[in-house]
Amino acid sequence: MSEAQTPAYPAPKVLGGLIAYLQVDGAFKAAEFYKRAFGAEQVFAYPADEQGRTMHIHLYVNGSSMMLSDAYPEHGHAHEKAQGYTMQLILGDDIDAWWKRAVDAGCEVVVPLDVMFWGDRWGQLRDPFGVAWAMNAPVKPA
């Protein structure tokens, strides 16, 4: 293991019991985007290789860990388009602020934020990396 690949200790605390680990085309760019769009905090990243890729980035988003990596086709991990899943943000009274920040950062509105049949406000976005994101919050009592 080279010095650039040696993990930093202590490792950042992993938050939550089920962690999303996204493989994207441009993990460093995605991490920067997620900071702007979702208030993510980057707590760890392996340095970029000679092609600008990283094998691991650890973010905190809304009180949970989320991890990213680039594709490494030469090691059997080719990039695949994001499909069949949605990153779900469970929010409180500030859903409008979260929604606006994400849209202002460059997320595309897929389903506008609205009160849904189950009684919560919900909407879905797509980020520039093709990942679907949804936001859900209880409706404020009148």
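**View 1. The largest pocket of this predicted model holds about 230 Å³ of space.** Of the 13 residues that line this pocket, the closest to its centre are Ser64, Ser65, Met87, Gln88 and Leu89. On a 1 Å grid over the protein atoms alone, a pocket is an open set of points where a 1.4 Å probe fits, with protein on both sides within 12 Å along at least five of seven lines, and lining residues have an atom within 4 Å of a point; the volume is the space filled by probe spheres set on the points, which are joined across faces, edges and corners. Strand E4 (64-70) and strand E5 (86-90) each supply at least two residues of the lining, and E5 gives the largest share, four residues. Strands (E, at least two residues) are DSSP runs numbered from the N terminus. The lining divides into nine nonpolar, four polar and no charged residues, where Ala, Val, Leu, Ile, Met, Phe, Trp, Tyr, Cys and Pro count as nonpolar, Asp, Glu, Lys and Arg as charged, and the others, Gly among them, as polar.

**View 2. Four strands form an open sheet of mixed pairing, in the order E5-E8-E7-E6.** The edge strands, each pairing on one side only, are E5 and strand E6 (108-115). Two strands pair if DSSP finds at least two bridges between them. Strand E7 (residues 120-126) and strand E8 (residues 132-138) run antiparallel and are joined by seven bridges, and Gly123 stands opposite Met135 in E8.

**View 3. Pro73 has its place in the loop between E4 and E5.** With a relative accessible area of 52%, Pro73 is exposed; buried means under 20% relative accessible area, exposed over 50%, and partly exposed in between (1.4 Å probe, protein chains only). Leaving aside neighbours within four places in sequence, Pro73 is in contact (heavy atoms within 4.5 Å) with Arg53 and Ala78. The C-alpha atoms of Pro73 and Asn136, which are 63 residues apart along the chain, are separated by 35 Å.

**View 4. Pro128 lies in the loop between E7 and E8.** Pro128 is exposed, its relative accessible area being 53%. Not counting residues up to four places away in sequence, Pro128 touches Phe33 and Gly106. Between the C-alpha atoms of Pro128 and Glu108, 20 residues apart along the chain, the separation is 7.9 Å.

Residues are numbered from 1 along each chain as its sequence is written, and side-chain values use heavy atoms, with hydrogens and water left out. In this predicted model, local features need pLDDT of at least 70 and side-chain atom pairs count only at pLDDT 80 or more, whereas totals for chains, interfaces and linings use all residues.
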